[in-house]
Amino acid sequence: LTVRSPRLIDIDRQESTTAVRGDLLRGLSACPARVSPKYFYDELGSSLFAAITRLPEYYPTRTEAAIFARHVDDIGAQLAQGLTLVDIGAGNCEKAAALLIPLRVGRYVAVDISVDFLGDSLTRLQLQHPQLPMLGVGTDFSQRLLLPAEVGDGQRLLFYPGSSIGNFTPAQALDFLRQLRDAAQGGVLLIGVDLCKPVAVLEAAYDDPLGVTAAFNRNLLRNLNQLIGSDFFLADWRHVAFFDEAQSRIEMHLEALRPLCVRWPGGERAFAAGERIHTENSYKWRVDDFTALLGEAGFSEIRQWTDERCWFAVFLAQA
Ligand code: AVJ
């Protein structure tokens with residue numbers, strides 16, 4: 001038996017490494033220093049994130065999966081069959097894999113910044129669904145979501161699970177939802193959103209005792225060394241994660257353990273002991289506020305499902 005290998009297109013291949021370099025150097029030179037969370041996801045970073053989703057403290061992935069498992073028939077009843085499922089930030093494609101059959105998906109398109117990781121994930125998934133047309137799209141959608149014509153003209157179900165929307169500030173989230181609405185071309189959006197909950201639960205999820213989240217955060221420095229030729233020494237940096245009530249977000253930082261200087265070809269940056277690099281925000285929403293945001297972005301017929309603790313919500317909305 002031969003199974004076709006899924007087609008892969010890499011949209012940003014030509015997007016010069018100089019753009020990435022410029023972006024990173026600007027952030028590293030800023031005060032306070034910052035690096036976009038999109039740089040977490042090199043191959044090892046993507047694997048570390050997959051490990052995070054299996055941690056007992058990291059509730060979002062399993063809570064969302066339980067919501068889907070429990071309500072998939074109800075969700076499917078709202079949808080036509082044969083839709084093109086467009087998985088934004090597909091990663092290991094695990095979340096969508098569980099929905100392909102129950103939602104009677106006709107075509108699967110996986111979009112992710114990490115195209116190498118995507119290729120492996122899709123090849124595995126194609127073995128389980130030999131008949132399902134699949135396409136992988138490598139693109140950095142964090143600035144601008146543009147889907148190539150190869151996605152096809154089937155009715156679209158845009159899938160943005162895992163509360164990745166949480167990386168955006170509310171203003172950025174509104175802008176991104178509008179882009180999702182355009183990309184849906186009159187179809188629907190299925191999106192997972194992490195909700196406000198006791199601070200101790202949140203902070204444990206982002207600072208686990210096994211240290212996987214710390215490794216995920218510090219791996220960013222390895223990736224930076226690769227990308228810009230810097231000389232970050234990982235043992236000099238510690239993982240910091242806390243909930244900021246005022247902004248309703250988890251912040252992750254890397255904190256210098258001693259005064260140090262990081263060098264790269266053409267530049268350097270000194271850090272005082274305790275100085276931080278801001279690496280991620282993960283906003284936590286209230287159901288009513290996110291419903292309002294979807295409405296503001298132009299979505300209608302908004303439905304929502306949650307777990308019994310109301311820790312996570314899945315929204316379905318008409319584009
Ligand atoms: C992939 C952005 C949803 O914010 O929970 C997990 C990333 N960072 N642990 C999140 C993450 C640290 C994750 N998102």
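Predicted model: local features only at pLDDT ≥ 70, side-chain atom pairs only at ≥ 80, totals over all residues.

Reader: In which sense do β2 and β12 pair, parallel or antiparallel?

Author: Follow both strands from N to C and compare. β2 and β12 (residues 276-283) pair in the parallel sense, over two bridges. One landmark for this pair is Ala 33, which stands opposite Ile 277 in β12.

Reader: Which strands stand at the edges of the open sheet of eight strands?

Author: Begin with the order again. That sheet reads β1-β5-β4-β3-β6-β7-β14-β13, with mixed pairing. At its edges are β1 (7-10) and β13 (300-306); each has a single partner strand, so one side of each has no neighbour in the sheet. From one strand to the next, the twist averages 15°.

Reader: How many bridges join β6 to β7?

Author: Four bridges join them, and the two strands run parallel. β6 covers residues 156-160 and β7 covers residues 188-194. In this pair, Leu 157 is found opposite Val 188 in β7.

Reader: Which strands does helix α3 touch where it packs on this sheet?

Author: Helix α3 (residues 59-77) touches β7, β13 and β14 (312-318), and its direction makes about 45° with that of β14. Helix α6 (residues 170-184) also packs on the sheet; α6 touches β6 and β7, at about 150° to the direction of β6.

Reader: How many helices and strands does the protein have?

Author: The secondary structure comes to nine helices and 14 strands. The radius of gyration is 20 Å, close to the 20 Å that the globule rule gives for 319 residues, so the protein is as compact as a globular protein of that length. Along the principal axes, the C-alpha trace spans about 60 × 45 × 35 Å. Of the 319 residues, 40% count as buried. Contacts can also be sorted by separation in the chain: among those between residues at least 6 apart in sequence, 70% join residues at least 24 apart.

Reader: Which residues surround the ligand?

Author: For a ligand, list the shell and then sort it by kind. The shell consists of Ile 52, Pro 60, Gly 162, Ser 163, Ser 164, Gly 166, Asn 167, Tyr 206, Thr 213, Glu 280 and Ser 282. By kind, the shell divides into three nonpolar, seven polar and one charged.

Reader: What should I look for in the backbone itself?

Author: Most residues other than glycine have a negative phi, and most peptide bonds are trans. Look for the exceptions. Ser 163 has a positive phi of about 65° although it is not a glycine. Ser 163 sits in the loop between β6 and α6.

Reader: Why does Ser 163 count as buried?

Author: The cut-off for buried is 20 or more other C-beta atoms within 10 Å. Ser 163 has 22 such neighbours, so Ser 163 counts as buried.

Reader: Is Glu 301 buried or exposed?

Author: Glu 301 is exposed, with 10 other C-beta atoms within 10 Å. Glu 301 lies in strand β13 and has a positive phi of about 50°, although it is not a glycine.

Reader: Which residues does a cis peptide bond join?

Author: A cis peptide bond joins Cys 31 and Pro 32, with omega about -5°. Pro 32 belongs to the loop between α1 (17-29) and β2.

Definitions and conventions: Residues numbered from 1 in each chain as written. Pairing = 2+ DSSP bridges. Rg over C-alpha atoms; globule rule 2.2 N^0.38 Å. Buried ≥ 20, exposed ≤ 12 C-beta atoms within 10 Å, placed from the backbone. Contact = placed C-beta atoms within 7 Å. Near = placed C-beta within 6 Å. Nonpolar A, V, L, I, M, F, W, Y, C, P; charged D, E, K, R; others polar. Axes fitted to C-alpha atoms, helices over the stretch in contact; angles between N-to-C directions.
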